[in-house]
Structure formats: structure tokens, C-alpha cells
Amino acid sequence: MKRRELKNLIQNAAIAAMPDVCNRINLQTAVIAEMPEQPTRPQIRFGLSGVLKVAMVSIFAVFSGFFLYNQFRDQTPVLALQTEAEVYGFTMVSATSILSQFSLIDPLSADLTDFGTVIALADPGNNPTTQNAPGPGTNPTTQDNPGPTTDAPTTTNPTTTTTESVVTAALVAAKVETVTRYLNAMEIMLAEKTETEYKIVASETVGYQWLLTYSTIDLLGNTLEYEIRYNEEVDPENANRHLITGVMAFGDVEYAMSGSAVIDGETIRTTFRAELDEDNYVTVSDETDADGQKYRYTLVQNGETTQNVTMRLQRENQKLVATLAWTTEAETAEFRFQKKTTGGLEIRYRYLCGGEEETGKMDVDVEYDQERETFCYQYAVDAQTGNHMGHSEYSGDRSNKTGMNGHHSGMMGSIGSF
Amino acid sequence: MIPLFDFDGRLALLRQRDEVAFQEVYDQTKRGVFAVIVAIVRDRGDAEDLMQETYMKMLAHLDQYEPGRNFNAWIVQIAKNLAFDHYRKHHQSIPVDPQEQGYLFDRVDAHESSGYDLETLIAPLDQDERQIVLLHIVSNTKFKDIATIVDKPLGTVLWMYNRALKKMQKQIGRGAE
């Protein structure tokens with residue numbers, strides 16, 4: 001039954017059951033409170049100095065009030081995700097998307113192996129030089145390991161792209177693979193509000209109460225739809241806590257979902273876990289505070305926690321903007337993802353490592369790799385401050401959201417094709 | 001644009017025992033008063049008595065209402081307090097017998113064309129959810145005002161409202177099977 005029909009039913013049933021007690025009240029004999037006497041206005045003697053004082057105080061009060069109001073208004077965060085469907089959908093789908101990347105990453109060698117092709121360009125006219133990038137990952141010591149090719153610049157020997165003959169890699173190159181882990185999620189989660197839809201309806205699948213659908217548009221313009229089937233029940237030990245269990249298919253793999261939503265004073269806190277097996281999972285926990293809406297993602301791979309990141313969400317001009325941040329003993333990183341109106345993603349970053357800081361911009365597009373016969377992310381990095389300023393390009397794996405033969409993997413159902 | 005109902009003007013007339021003004025105030029507020037009472041008290045006779053008591057108390061304490069404030073929310077708060085007082089005093093000691101006492105949601109009163117009565121519809125809801133759903137749907141009370149009435153943050157009210165609708169949809173789905 002649709003909500004509108006349900007509302008009509010309730011309204012009609014309530015009106016039918018409503019008694020009329022108006023005629024049971026005798027207004028003429030009822031006790032009616034007397035209005036308190038209006039206090040007599042004191043006589044005010046006007047004098048120029050008094051009027052001026054009052055005027056000055058009033059002006060001061062108005063300006064102070066206006067200033068304080070603006071301060072308060074500016075500091076009040078607007079939640080990017082507001083409804084239950086948005087919160088559940090975003091966290092569940094993003095966690096599963098990140099989890100689905102585990103198959104692309106070898107956790108034992110991720111820090112030490114090359115992650116893909118790095119093409120650093122000093123001059124667009126030159127033939128691109130292929131080099132091996134320093135290994136990214138959670139182990140910061142590997143960032144100082146140069147790739148095996150001799151002509152590739154390294155973080156220990158920074159070079160800027162000021163001449164034609166010199167190629168360079170940005171300091172942030174070491175983190176491209178880490179960014180790629182999240183890029184698949186960003187591609188499908190960050191879109192204008194008009195491009196996405198979160199919906200919860202009663203599930204027709206036996207064994208599940210609810211069906212959450214999330215539809216979005218990827219960077220190739222395909223409309224994708226993801227489905228999560230789940231049950232939700234009140235925790236028998238805590239009435240303010242709802243327990244959630246369900247499944248979500250992503251590609252050919254089905255992931256188990258579990259979590260809870262807790263009403264805690266003025267907030268509702270959600271925690272979800274997308275699980276491949278007991279040693280490989282991603283947890284998402286709500287850490288929203290006065291600074292805005294934030295979620296902590298913990299990636300556990302082969303029983304080891306491989307990364308802890310915070311994702312802050314904001315809504316800017318109807319667009320969802322996500323900022324990923326993490327800090328370890330050796331590095332601090334912040335990547336701000338936003339979908340561009342012209343297509344692709346823009347990432348603004350700030351990366352500190354080994355006492356060196358770099359800021360810059362990455363433009364990410366999806367391109368077809370003829371050799372590998374698959375779509376890849378192409379990074380165009382512009383390091384704008386730091387010791388490695390200049391332009392460089394990288395390639396990263398993209399999970400198959402849409403295959404060449406029209407098969408749509410990574411989703412339960414799909415509309416449209418590229 | 002629909003002009004706002006002038007409560008303060010009617011209340012001034014009400015103080016002079018103007019019957020028409022009272023009827024108008026009653027018509028404007030009865031849904032909210034009824035909604036909050038039936039969310040808490042389930043006996044037909046008690047609900048009627050509490051509605052009457054609410055209006056009597058409103059008249060007796062009219063001096064405590066500040067003109068310009070939300071009169072609807074004020075009278076609903078009176079109804080809620082009375083209903084809770086009643087609930088605390090009687091809910092364990094008075095067994096409700098639908099056959100003898102004329103249960104408020106007796107199927108005789110059911111919305112005949114739909115086949116659903118209010119009891120069936122709101123049965124899966126707890127007391128807070130009943131208040132939120134009935135205040136919003138029956139009396140068109142804004143969620144912001146409901147948040148004040150039930151003393152919960154707006155986000156929680158919205159969340160509970162959606163949860164309640166889903167519970168009812170599921171309940172009806174079961175009934176239809």
C-alpha cells in the first residue's frame with residue numbers, strides 16, 4: 001500500500017472515531033480565566049540625551065544581534081544525508097563498493113608493488129615515459145622506495161617539471177592506489193541530488209522485510225541501480241536500538257550487511273558492516289558532530305585492519321562533496337572529491353609526508369584501455385605546492401560497472417547502457 | 001494563499017463567552033486534541049471525557065496563554081498532559097473490554113469503505129509513534145511543532161514517523177495476505 005493511501009486510511013478512520021464534545025461544554029457556566037489587568041504604561045519623559053542614549057543602545061543591539069545571528073547561521077551544518085533511506089543507502093552501498101575493491105588489491109604486496117602505469121609528462125609533446133611509481137599503502141616507509149626504473153624521480157630525490165627533459169611524479173603519486181580504492185565508491189555515490197534516488201519499500205523477497213534501492217549515474221553516463229534487502233527489528237535489550245541484517249549483491253559477489261541504528265538523545269547513530277567473510281569486511285560508523293556529517297570507514301583485509309579513514313559529507317549546490325582524511329604517524333592526507341559538471345571527478349588534495357607538504361588537484365576521467373580491454377581511471381595530477389610541482393598522469397583500476405558486451409556487473413539491475 | 005486562523009481574535013471573544021467563537025476554536029483544534037489523546041488512551045469513554053476536560057481546562061487557564069504564540073500546540077500540550085495523567089493513574093487498573101465499554105476503535109466505527117479501523121492501523125506503533133503519526137496525519141501538525149509536543153529532536157521525529165509508516169505498511173501487508 002502506498003503511503004498516500006495509508007495516510008488517507010488513517011485520516012478517515014480517525015475522523016470516523018472522533019467524538020464531538022463541543023455540545024457537552026456549557027460555555028455560560030464554564031470557568032473562564034479573567035485576563036490580568038494590563039499594567040499602566042509609565043509616563044516617559046523625553047529628553048534629547050535620553051533619546052540619543054536609547055538610539056545608540058538600540059543600534060548597538062541590532063548590529064550585535066545581526067552579527068551573532070550570522071555567526072550562528074554560518075556555523076549550523078546542513079546535513080548532506082537527511083532521510084533514513086539516504087543514510088542507510090549511502091553507508092551500505094559505499095561500504096560494499098569499497099569492499100568489492102578488495103579483490104583488486106593484494107594486501108600483502110600493495111605497499112611494495114607497482115600499482116599501475118604512471119606516465120609523467122613534462123612536455124605534452126614528448127613521448128610519455130612509462131615508469132613505476134613508488135608503492136602506496138598504509139606503510140609509510142614504502143613511500144621512500146623508488147620504483148625500479150632509473151629515470152623515475154622519487155620522493156627522496158624530488159624534481160620539478162620546469163624543463164622539458166625532466167619528468168617528475170608528484171609526492172601524492174604514492175597515494176594514487178589508495179585513492180583508487182575509494183574512487184569506485186565516489187563515482188557512484190557523488191552526484192547531483194537530481195541524479196540519485198534512495199528508496200525504501202517493502203521487500204517482495206521471502207525472508208527480507210525491506211528493499212532499499214539506490215539509483216545513480218556513473219562517469220560514463222550509465223544509470224545504475226543497487227539493491228539491498230534487509231530486515232530491521234527493535235533490539236530486545238534496548239528499545240532505542242534497531243538491528244539491521246541483510247544482503248547486497250555487487251557484481252557477482254553477495255555481501256552480508258549488518259548494523260544498527262541507535263536513537264541517542266538528539267541524534268541517530270548508524271553503524272554498518274559489509275562483509276565478504278569474517279576476515280574481509282568494511283565497517284562504517286557515524287561520527288557526525290557539530291562540524292558536520294562524518295563517517296569512519298575501517299577496512300579489514302585478511303583479518304588485518306588496513307586502513308581507517310574519515311569521510312566528511314557536505315552538500316554544495318545540490319552536489320554531494322566528500323572529503324576523505326586520515327592521519328598516521330608518518331602522514332596526513334586529505335582528499336576532497338567532487339563530480340565535475342563537465343564529467344569526471346575533481347579531487348583537491350593536501351598530503352603531508354616526511355616533513356614535506358604538497359597540495360594540488362587531480363582530474364579523474366574514465367577511459368577505455370585497449371590493451372587490457374577494460375575501463376580505467378586516468379588521473380591528471382597537478383601538484384600546485386611542494387617540492388614536486390608540475391603535471392603528471394596515472395592510471396588506476398576501475399571495477400567493472402559496465403562490461404564491453406553490455407553486461408552490467410556491480411549491480412543488481414541496471415537501466416541504460418553506454 | 002489560505003489566511004491563518006485568527007486564534008487571538010477568537011479567544012478575545014471567547015472570554016466574553018461567545019458561543020460562535022468557541023465553536024470555531026473547537027473546530028480548529030479538535031483533531032490535534034483527539035489525536036494526542038487517542039495515541040495515549042484507548043478507551044472511548046475516557047477519550048471523550050479527556051477531550052471535554054481539555055477544553056474546560058483551556059478555558060480555565062486562558063490567562064496563561066500568551067497571545068501570538070502557537071495556540072494549537074498549547075492546547076495539544078494540555079490534552080497530552082491530561083492523557084498522560086489519566087494513563088498513569090488507570091492504565092494498569094482498568095481492564096479495557098471492547099465488548100462492554102465501547103472500545104474507541106471498535107470495528108463498528110471502522111472506516112467502512114476501507115475495511116480498516118484505527119486500531120488495526122496503529123496497532124504496531126508505540127505511544128510516541130502514535131502521537132507523531134496521528135498529530136501529523138489527522139491534524140496536519142507540522143513536524144517542527146510535533147517535535148516540541150513530544151519533546152524530541154526534529155530528526156528523531158522524522159525518523160520515527162518514517163519508521164511508523166513502514167510498520168503500518170507491513171502490518172497491512174500481512175493482513176492482506
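Predicted model: local features only at pLDDT ≥ 70, side-chain atom pairs only at ≥ 80, totals over all residues.
**Entry 1: confidence in chain A**

I looked up the confidence first. The mean pLDDT of chain A is 73, and 72% of its residues reach 70 or more.

**Entry 2: the make-up of chain A**

I counted four helices and 18 strands in chain A. Of its 418 residues, 36% count as buried. For contacts in chain A between residues at least 6 apart in sequence, I find that 47% join residues at least 24 apart.

**Entry 3: helix α4 of chain A**

Next I picked out α4 of chain A, residues 176-189. This helix has 14 residues and reaches 19 Å from first C-alpha to last, close to the 20 Å expected at 1.5 Å a residue. I also looked for a bend: α4(A) bends by about 40 degrees at Y182(A). As for cover, 14 of the 14 residues of α4(A) are buried.

**Entry 4: where the chains meet**

I turned to the contact between the chains. On one side are 33 residues of chain A, on the other 45 residues of chain B. Which helix gives the most to the side of chain A that touches chain B? I got helix α1 of chain A, residues 3-17, which puts in 11 residues. Sorting the side of chain A that touches chain B by type, I get 23 nonpolar, four polar and six charged residues.

**Entry 5: the largest nonpolar core**

I went looking for the middle of the largest nonpolar core. This core has 129 residues, and V36(B), I37(B) and A79(B) touch the most other members. Helix α2 of chain B, residues 19-40, supplies the largest share of the core, 10 residues. As background, I note that nonpolar side chains tend to be buried together in soluble globular proteins.

I listed the partners of V36(B), leaving aside neighbours within four places in sequence. They are V76(B), A79(B), K80(B), A83(B), Q131(B) and L135(B).

**Entry 6: A83(B)**

A83(B) was on that list of V36(B) partners, and I followed it up. A83(B) sits in helix α4 of chain B, residues 71-90.

**Entry 7: helix α7 of chain B**

I compared the span of α7(B) with what its length predicts. Its 13 residues should span 18 Å at 1.5 Å a residue, and the end C-alpha atoms are 17 Å apart, which agrees. The buried ones include E129(B), R130(B), Q131(B) and H136(B), along with I132(B), V133(B) and L135(B).

I took L134(B) as my example from helix α7 of chain B. L134(B) counts as buried because it has 28 C-beta neighbours inside 10 Å. Beyond four places in sequence, L134(B) is in contact with A14(A), A35(B), V38(B) and A39(B). I also looked at L134(B) and F34(B), which are 100 residues apart along the chain; their C-alpha atoms are separated by 8.9 Å.

**Entry 8: two residues with positive phi**

What follows α7(B)? I find N140(B) there, with a positive phi near 55 degrees, although N140(B) is not a glycine. N140(B) lies in the loop between α7 (127-139) and α8 (143-150) of chain B. N140(B) counts as exposed because it has 12 C-beta neighbours inside 10 Å.

D151(B) has a positive phi of about 60 degrees and is not a glycine either. I place D151(B) in the loop between α8 and α9 (154-176) of chain B. With 10 other C-beta atoms within 10 Å, D151(B) is exposed.

Definitions and conventions. Residues numbered from 1 in each chain as written. Chains lettered and ligands numbered in written order. Contact = placed C-beta atoms within 7 Å. Nonpolar A, V, L, I, M, F, W, Y, C, P; charged D, E, K, R; others polar. Expected span 1.5 Å × (residues − 1). Bend = angle between axes of the 7 residues up to and from the residue. Buried ≥ 20, exposed ≤ 12 C-beta atoms within 10 Å, placed from the backbone. Core = buried A, V, L, I, M, F, W, Y, C linked by C-beta atoms within 7 Å. pLDDT = per-residue confidence, 0-100.
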